[in-house]
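Hi everyone, thanks for coming. I'd like to walk you through one structure today, so please have a look at it while I talk.

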Amino acid sequence: TQSEDISAWVPEGGAVTVADGMKDFGEVTLERHKLVTSFTLENSFVQDNSFLIEDHIVSRLAQNLGNAEDNGFINGTGEHMPVGILAENGGADIGVTTAALTYDDVVKLFFSVKPKYRRNGVWLMSDETALALRTLKDADGNYIWNHVNDTLLGHKVYISEFMPNAESSNKPIAFGDFRYYWIVNRSPVYIRTLVEKYLHIDCIGYRAYEFLEGKLVRPEAIKVMQMTESAT
């Protein structure tokens with residue numbers, strides 16, 4: 001639940017009402033989830049001095065972890081992974097339910113978010129959903145998507161390959177203040193070289209892992225569009 005702080009005019013020396021700010025967040029439990037990526041390279045390839053192998057290894061490990069992080073922060077179930085924005089339990093609230101992407105439903109989703117969260121709100125969707133929204137027009141025939149600065153109803157649009165498309169039962173669009181989705185790094189990224197483990201196949205293994213958590217601490221700060229079963 002969220003407390004509503006009250007500001008009041010008081011005389012000098014008058015009593016001041018103090019709100020409990022912790023009620024904004026209720027009880028937030030942050031877990032510690034392990035994310036791991038690993039791959040092997042042939043010894044002969046690693047020992048080739050003409051190739052900047054360290055840069056390749058670090059880049060590949062970082063990309064693998066980054067992709068898994070993005071997916072977890074969006075679609076994570078909370079079971080040995082973060083609670084994603086789209087999670088059924090602990091994710092964003094549903095702002096609008098619809099069978100198809102329409103101008104009216106996009107506007108309804110926008111206004112389902114309270115003004116204080118709309119102020120810094122941004123959109124999150126897939127490429128396919130963004131393409132569909134680029135063609136939507138209002139009642140006067142004006143595109144609702146600003147093609148000059150890629151904003152929708154005046155707010156920035158972010159694209160993620162891990163957001164689902166506008167298909168039956170999916171949640172293709174999220175809008176709100178994503179600052180209330182907390183990402184907690186429990187440890188730095190550790191990288192290990194596994195020489196002995198893959199010696200029998202003349203390879204070297206590389207493994208990176210980290211411990212982190214992601215959770216929406218104020219579900220009402222972000223709202224999602226829920227597609228119905230009849231969507232195509």
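I'll start with the aromatic rings, then move to a few individual residues. Please keep in mind that what you see is a predicted model.

Let's begin with the rings. A pair of aromatic rings is described by the distance of the centres and the angle of the planes. How many aromatic pairs does the count come to here? It comes to nine. Take Phe110 and Phe175 as an example: their ring centres are 5.1 Å apart, with 40° between the planes, and the pair is tilted. Where do these two sit? Phe110 belongs to helix H3, residues 103–112, while Phe175 belongs to strand E7, residues 173–176, so this pair ties together parts that are 65 residues apart in sequence.

Phe110 has 10% relative accessibility, so it counts as buried. Phe175 has 0%, so it counts as buried too.

Now compare that with another pair, Tyr209 and Phe211. This one is edge-to-face, at 6.2 Å centre to centre and 85° between the planes. Both Tyr209 and Phe211 are buried.

Back to Phe110 and Phe175 for a moment. They belong to one aromatic cluster together with Phe111 and Trp123.

Which residue lies over the face of Tyr209? That is Lys34, at 4.8 Å from the ring centre. In the second case, the ring is Phe39, and the charged end of Arg60 sits over it, 4.4 Å from the ring centre.

Next, a closer look at Phe178. You'll find this residue in the loop between E7 and strand E8, which spans 181–185. Phe178 has 22% relative accessibility, so it counts as partly exposed.

Let's turn to Thr129, a residue of helix H5, residues 127–133. Its relative accessibility is 1%, and therefore Thr129 counts as buried. What does its side chain do? It makes a polar contact with the side chain of Ser126, at 3.1 Å. If we again leave out residues up to four places away in sequence, Thr129 touches Leu101, Pro164, Asn165, Ala166, Pro172 and Ile173.

Last stop: two backbone angles for you to look at. Asp150 is not a glycine, yet its phi is positive, at about 50°. You can find Asp150 in the loop between strand E4, 145–146, and strand E5, 151–152. With a relative accessible area of 28%, Asp150 is partly exposed.

Which other residue belongs in this part of the talk? Ser169, a residue other than glycine, has a positive phi near 75°. Ser169 is located in the loop between strand E6, 155–159, and E7. Its relative accessible area is 36%, so Ser169 is partly exposed.

To recap, we saw the tilted pair of Phe110 and Phe175, the edge-to-face pair of Tyr209 and Phe211, and Lys34 over the face of Tyr209.

Conventions:
Residues numbered from 1 in each chain as written. Predicted model: local features only at pLDDT ≥ 70, side-chain atom pairs only at ≥ 80, totals over all residues. Heavy atoms only, no water. Phe/Tyr/Trp six-rings, centres within 6.5 Å; stacked < 30°, edge-to-face > 60°. Helix = DSSP H or I, 4+ residues; strand = E, 2+ residues; numbered from the N terminus. Buried < 20%, exposed > 50% of the residue type's maximum accessible area, 1.4 Å probe, protein only. Lys NZ or Arg CZ within 6 Å of the ring centre and 35° of its normal. Polar contact = N/O pair within 3.5 Å; in protein donor to acceptor, adjacent residues only side chain to side chain. Contact = heavy atoms within 4.5 Å.
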